[in-house]
Amino acid sequence: GAFVIGQNVKFSGNGLPATRDGYAAIGTEAVDTTPVQRAWVFRRRDDTQIELKAYNTGLYAWVQGTSSQFALLKGGFTAAKEFGFGNIGQTDQAFNWCFFCNGTENPFRWTGAYAQYSSDDTVNQVTVQGSTTLANLGFSATGTIIINGTEITYTGLSSQTFTGCSAVPAAPTVGDMIFQTPVELTGVVGGGTDPVKFQVSMAHDGRLHYRREARPSLWDYSKLDNPDDVATGSTDGDGGAKEIEFGGAITAFGKLNKTVLCLKKNIIKSLDFVQSGTRLDVPRYTTLTPADDKSTTIGAMTQRSTFSTPYGLVFVTPDKRLILLTGITQNDQPQYVVLSEPMQGIFDNGVHDDACGICVDNVVWYAFKSDINSTYNDVVVRGDLTQQSADSSGRATPILWDAPYVGWNVKDWTVIYNSTTGKNEVHWHSSTSSNSYKVTPESKTDNPQSGNDGSFTATIRSWAEHFGVPHKQKRITAGFIELKMTENTEITATLLYDEDGSTQQTEKTLDGDSTDHKFTKITYNPFGASAFGSVQFGSNPEADDLPRYRFDLELNPNVYFFNVSLQLSTSGAAQNFEIIRWGVELMEILERNDSKYLV
């Protein structure tokens, strides 16, 4: 009924605690102290996934399955600005677009067109690899490309060749990425055909929604099927604008089925489009969580900590609660649960003004500052929405949280589908450098290619067992621990008598090389001595289960205590274990405690 104590330990699908996953760098690690400000994925119509991240003064791109490094897409932005974005298409256009803006410079629109360098004639032509024409790759008839950080204008396309180039790439290498540079859009406040400056934004059902930076309490949305046009109107499909009351800036947008949500720190508004009279597309605004000058309600802190899940919208509130908004009743009443309740103490101790989250395969990943002394996000919590846990009062909460992950400094999250493995990859982008990393479930090491051994400290502590009589002293004579682990794993197991081992601590080393404690794996076959044969089905390699071990504990029977806990800790490289069960032999429960404990 209480959240576990520990770090860097996850709960697997069977609910047993095990060492958390590791991570590995994406591309070559840079040595810098420039944090990523925002990251997102642009998925083109042909299903190409392009990962984008902004840091310092530039926006960088990585094409899944093609890139070996993040390459500059557009430079010259004001440093250290967070971007808003929206990925959206238009019916009469051949390619969909990614709109983005940092709230300071004008917004940009990008088709995601890219190619790889093949050759140039050192004068005015650049040729790309492959047999697909540049036009079919999405490049405009005239425009600008960027390669190795240098922007080059061109005047025409000829099959796989840019003609009339203003320059040629500096020191090119065959295979270098060539991107069409994004198109700058000149904003017109109050109307026009281009978006105004924005920093908080979202695409939903054929419209672009965003906060107007000149008036950050104003909600703008574009014309239906025309994200370029934000002129307001009163006919079907027109764009619109709405002043969100009760002061303060819009902090986030969210999606809940067909409904668009606009969130401030203390209010939530919704927008959907309904039929009214002869019109089929009439905007209808609803206040989900009202507020006034004598009340406080729920709202969201930031866009990066507001994200969708299969069960509803998740966001963090100013009072440090992680909320799952699961639905809206016919009376426009919000239905929500507090996901952070089982570990609210950890959330209360943290700072969430720069937090970020994502949901991948029904798993929530959330990063924040561990306490007021932290200057960047330095702790991660992971929760499984397909399992339940109980809070301190025994109430069920629809999430099972891992012990906090330490060693991951996360500014933003993205997810990429890996067609080779057939699985989604969780990526995180650093809050202390410009680097990006992918979570590696198959590895229990933290980025070993950076020159370190990839080790991290994992600790898990069980409940405080009081044998049903917390007010009486006891004695125990023996115990056991059963677990799975790799042969290279070495664990320090500690029995803690009373809180934090205040009465006594007993340690034992659990060594995976101890063959005497290892279970011999024998396949039971009632029809003979030989086990049935097996043949691998499919192309995936067979996953060998971790070996199982059992360690007996000889304990001092003369230690009197009220409760006892088991703690397992490991700090070596590639340590991997999963707890199965543990227990102790109860020798005595004293009917009367020593007088020093009596009141």
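**Notebook: cavity, pockets, strands, confidence**

**Entry on the cavity.** I looked up the residues around the largest cavity and found that Thr19, Lys444, Phe456, Ala458, Thr570, Gly572 and Gln575 line it. The model is a predicted one, in which I take local features only at pLDDT of at least 70 and side-chain atom pairs only at pLDDT 80 or more, while totals for chains, interfaces and linings use all residues. Residues are numbered from 1 along each chain as its sequence is written, and side-chain values use heavy atoms, with hydrogens and water left out.

The search of the whole structure gives 1 cavity of 30 Å³ or more, and the space in the largest cavity comes to about 30 Å³. On a 1 Å grid over the protein atoms alone, a cavity is a set of points where a 1.4 Å probe fits but cannot get out, a pocket is an open set with protein on both sides within 12 Å along at least five of seven lines, and lining residues have an atom within 4 Å of a point. Points are joined across faces, edges and corners, and the volume is the space filled by probe spheres set on them. By class, I note 2 nonpolar, 4 polar and 1 charged residues in the cavity lining (Ala, Val, Leu, Ile, Met, Phe, Trp, Tyr, Cys and Pro are nonpolar, Asp, Glu, Lys and Arg charged, the others, Gly among them, polar).

For the largest pocket I read a volume of about 1,200 Å³. Its lining has 42 residues, of which Lys423, Asn424, Thr440, Pro441 and Glu442 are the closest to the centre. Among the strands that give two or more residues to this lining are S2 (9-11), S33 (363-369) and S48 (577-589), and S40 gives the most, with 5 residues. I count the lining as the record of classes has it: 15 nonpolar, 15 polar and 12 charged.

The second largest pocket holds about 930 Å³, and of its 30 lining residues the closest to the centre are Trp40, Phe85, Lys255, Phe307 and Ser308. Strands that supply two or more residues here include S5 (36-43), S9 (84-88) and S24 (252-256), with S5 giving the largest share, 5 residues. This lining divides into 13 nonpolar, 11 polar and 6 charged residues.

**Entry on the strands.** I then followed S9 into an open sheet of 4 strands, ordered S9-S10-S11-S19 with antiparallel pairing. S9 and S19 (183-184) stand at the edges with a single partner strand each, so one side of each is left without a neighbour in the sheet. Strands here are DSSP runs (E, at least two residues; helices are H or I, at least four), numbered from the N terminus, and two strands pair if DSSP finds at least two bridges between them.

**Entry on salt bridges.** The whole structure has 30 salt bridges (a side-chain nitrogen of Lys or Arg within 4 Å of a carboxyl oxygen of Asp or Glu). In the one I looked up, Glu151 and Lys74 have their closest N and O atoms 3.1 Å apart, and the pair links distant parts of the chain, Glu151 in S15 (residues 150-154) and Lys74 in S8 (residues 71-74), 77 residues apart.

**Entry on confidence.** The chain averages a pLDDT (the predictor's confidence in each residue, from 0 to 100) of 91, and 92% of the residues score at least 70. Over residues 535-543 pLDDT stays under 50, and there I find 2 contacts beyond four places in sequence, a contact being heavy atoms within 4.5 Å. Where pLDDT is low, the predicted coordinates should not be read in detail.
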